[in-house]
Amino acid sequence: MTRPRPPRAAAPPPVPDDDRPLHPAEERRLRRELASRIDHLWAIAERRRARWATPPFIPDS
């Protein structure tokens, strides 16, 4: 004889769509924050690119 299955969990309630327009000040703040993060990552990439472009130092022996 097989064991009975445990009851299934109830489905989570539907999430309302969060597509409402942002307040203009909130949109500006988010755009500034995103631009700052992109600039930060770009600077990291530029430093790495510059480091890879320089030949490794090999002392004369």
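Me: What should I know about the model before I start?
Reply: Residues are numbered from 1 along each chain as its sequence is written, and side-chain values use heavy atoms, leaving out hydrogens and water. The model is predicted: local features need pLDDT of at least 70, side-chain atom pairs count only at pLDDT 80 or more, and totals for chains, interfaces and linings use all residues.

Me: What share of the residues is buried?
Reply: Buried means under 20% relative accessible area, exposed over 50%, and partly exposed in between (1.4 Å probe, protein chains only). In this protein chain, buried residues make up 0% of the 61 residues.

Me: How do I read a salt bridge?
Reply: Side chains of opposite charge can pair when their charged atoms come close. A salt bridge is a side-chain nitrogen of Lys or Arg within 4 Å of a carboxyl oxygen of Asp or Glu. The structure holds five salt bridges. One of them joins Arg 37 and Glu 33, at 2.8 Å from N to O.

Me: Where do Arg 37 and Glu 33 sit in helix 1?
Reply: They are four residues apart, or about one helical turn. Arg 37 is exposed at 52% relative accessibility, whereas Glu 33 is partly exposed at 31%.

Me: Which residues form a salt bridge with Glu 46?
Reply: Arg 49 does, at 2.5 Å from N to O. Glu 46 and Arg 49 are three residues apart in helix 1.

Key. Helix = DSSP H or I, 4+ residues; strand = E, 2+ residues; numbered from the N terminus.
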